[in-house]
Every structure is written in C-alpha cells, then in structure tokens.
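Please read the points below with the model open beside you. They take up a few annotated positions and their surroundings.

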Amino acid sequence: MSLLKLTFLGTSAAQPTLHRNLSGLTVKADADLLLFDCGEGTQRQMVRFGTGFTVEAAFFTHFHADHYLGIIGFLRTLGMMGREHPIQLYGPPPARRLLHQAVHLGVDTLSFPVEIHELKDGDRVRRGGYTVQAVGVDHRINALGYVLEEDTRPGRFHLEKARSLGVPEGPHFGKLQRGEAVTLENGTTVRPEDVLGASRPGRKLVISGDTRPCASLAQAAKDADLLVHESTFSDDEQERAVETRHSTAREAARLARDAGARRLILTHLSSRHDTDPSKLLGQAREEYTGPVEVAHDGLTVELPLRD
C-alpha cells in the first residue's frame, strides 16, 4: 500500500454549523476508498472536496443520528450513479437493524447489494494490504473506535546484491520483492532474505469516534502514526464532557502523549468552538508536544511511509 490519505468531511459535534458539517471522514488506502461515519450532508461534502463516490466499505463508530443518517441519501446517490458491485457496511450492534432500516427507507430498490456486518471489540476486517480493527470505547451507547494498520512492508531491495548473485532483471526481481524465492538457470536458489533489508513497519491510523478517554483506545493508539480524536469540549466544560461521555481537547492530548502517538488531529467540535478552536488547540499543546492541529472540513492529510 503506497497511498494513505484522509479527507475530513465533517468536524462538528451534534449539529451542523455554517462552517462544519456532521461527522464524516474518508480514507483512501491505495485503490480502496473507505468512509468512517456518515452524518447528514456527507455526500455533498464528498462532491465539494472531490473524494469521489467509489466507497468500498463504510465503518460506523456508533448510531447516534449525527453519525449515520447521511447513509440513506448516500446509498440512493450510488444507485442513481448506476453502481452494481456490493458495498460493505460495518458497525457495532444494533448495526444490522438500524442500517437495514436505512437501506430500505424510501420507495426505490437499490441496484447493488448492501452487506451489513456487526463488529465487537477486537474484531478485524481484512482488506488488501491492511486490516481495520474495532476497538471498544466509552460512550453513552455501544460505540467503537477503529485502527487501520498497514501490513509489515518488505525491506528495501538491494539491486547490486541481486545482480552480484546473478539474478537477471525482470520478473525475478518482482518475485523477490514480494517475498518469493527464485531459481536461476544454473539451478541456484536465491531467497528474499539474500537481497532484501530488514522488514519495515506499516503505518497505523487510529480514529476514536465519540468517547471518553479510555484504556482500550490508549492501548490501540500505541505508536500510531496519527490519532484522530474527538475533542468536543474545553477545560471549562469538563463536567459536560463527563456527563455526555465525550472528551476535552486536553484529555485527547494526554491520551496521545501517553500512547506515544506521533501526530494528533482534534475533531468533533462543539459549536462553541466552531470558528475559533484556538482554546482547544492551546490546551492540547500544554499536554502533547508532538504535531497537533484542529481539523476543519476539507482538511486533507497524507501519511508518509515509514522508513
């Protein structure tokens, strides 16, 4: 997997504002386009920010209305675009019941299959070159965060070493880079470890969904390349954060610090911080010394490969 790119479609909590839509995030993982949550208006944001509509799978963190009602119109649009191949929908229980209702709301029969899957803490969805793991989090209802983790990548290919061993350029090079041994015309077998350096770790993206800071998410975010964490409230709204099972920016930053996450992006902002999130950013920076920013609708972030 070479490309891992996020586009924030909606960064507001509970209600849309003039500047921020409800929760939605696309992740481009090579050829795959994934959608995490789908608040009302998500499909318009996809048009606005040019993500395209070729979504292979959608992952829902939970089923409060502001995180999933947009799927109704989104699926209808896919049908009008002539989609035929299946789409996968994932989420915590009661995903099957609620998403089934959403799929069948209205009079039109969809032109493509919709396959609904319920996930629990620890479940993994295997896709090409990476997995998406569900992580149980602490919200008012059954809720999940998600960890997208790239497979371990092969070590760097040492061209001169391969040539010195008599490996001809062409298909044999590709096989060795994919981890397959090759046999030369003289009968010599060359193994991948003969021409490859040490394997390299894949990238790790963690998406919190709506949650209080919790041990399960902190563990999941260990050494993450990027933690996307909700930060609905500031310090002076701490009681409200506890009451509604949300996080403050300071709490999100502490979790990122303790987990050793390499980068933090704050999202899911209360309308009080709609146009001026500087208070949230300042409080987060008091706890976390790594790169941190507050997401805005349309923010695009590409995660570089690890060395």
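Two residues are in contact here when heavy atoms of theirs lie within 4.5 Å of each other. The model is a predicted one.

1. Asp-66 sits in helix H2, which runs over residues 65-68. Is Asp-66 buried or exposed? Its relative accessibility is 12%, and a residue under 20% counts as buried, so Asp-66 is buried.

2. What does Asp-66 touch, once residues up to four places away in sequence are set aside? The contacts are Ala-13, Ala-14, Leu-22, Ser-23, Gly-39 and His-268. For Ala-14 there is a further detail: its backbone nitrogen is 3.3 Å from the side chain of Asp-66.

3. Ser-12 belongs to the loop that joins strand E1 (4-10) to strand E2 (24-29). Ser-12 counts as buried because its relative accessibility is 1%. A polar atom of the Ser-12 side chain lies 2.6 Å from the backbone oxygen of Gln-15. With neighbours within four places in sequence left aside, Ser-12 is in contact with Thr-17, Arg-20, Asn-21, Leu-22, Ser-23, His-268 and Leu-269.

4. Now the largest pocket. Its volume is about 260 Å³. The lining has 18 residues, and those closest to the pocket centre are Ala-13, Ala-14, Thr-232, Phe-233 and His-246. Helices H2 and H9 (238-244) each supply at least two residues of the lining. How many of the lining residues are nonpolar, polar and charged? The division is 3 nonpolar, 11 polar and 4 charged.

5. The unreviewed UniProt entry marks His-62, His-64, His-139 and Asp-210 as "binding site". These residues span 149 residues in sequence, but no two of their C-alpha atoms are more than 10.5 Å apart, so they gather at one spot. From this set, Asp-210 is part of the lining of the largest cavity.

6. Take His-62 from that set. His-62 is placed in the loop between strand E4 (55-59) and H2. With a relative accessibility of 0%, His-62 counts as buried. The side chains of His-62 and His-64 make a polar contact at 3.4 Å. Beyond four places in sequence, the residues that His-62 touches are Asp-37, His-67, Pro-92, His-139, Ile-141, Asn-142, Ala-143 and Asp-210. Of these, His-139 and Asp-210 also carry the "binding site" annotation.

7. Asp-210 lies in another loop, the one between strand E12 (204-207) and helix H8 (215-220). Asp-210 is buried, because its relative accessible area is 3%. Which side chain makes a polar contact with the side chain of Asp-210? The partner is His-67, at 3.0 Å.

8. The contacts of Asp-210, with residues up to four places away in sequence not counted, are His-62, His-67, Val-137, His-139, Ala-143, Glu-230, His-246 and His-268. Two of these names link back to earlier points. His-246 is one of the residues closest to the centre of the largest pocket.

Methods
Residues are numbered from 1 along each chain as its sequence is written. This is a predicted model: local features need pLDDT of at least 70, side-chain atom pairs count only at pLDDT 80 or more; totals for chains, interfaces and linings use all residues. Side-chain values use heavy atoms; hydrogens and water are left out. Helices (H or I, at least four residues) and strands (E, at least two) are DSSP runs, numbered from the N terminus. Buried means under 20% relative accessible area, exposed over 50%, partly exposed in between (1.4 Å probe, protein chains only). A polar contact is a pair of N or O atoms within 3.5 Å; within protein, one must be able to donate a hydrogen and the other to accept it, and residues adjacent in sequence count only if both atoms are side-chain atoms. On a 1 Å grid over the protein atoms alone, a cavity is a set of points where a 1.4 Å probe fits but cannot get out, and a pocket is an open set with protein on both sides within 12 Å along at least five of seven lines; lining residues have an atom within 4 Å of a point. Grid points are joined across faces, edges and corners, and a volume is the space filled by probe spheres set on the points. Ala, Val, Leu, Ile, Met, Phe, Trp, Tyr, Cys and Pro count as nonpolar, Asp, Glu, Lys and Arg as charged, and the others, Gly among them, as polar. UniProt positions are given in the numbering used here, feature names are shortened, and annotations may be inferred rather than shown by experiment.
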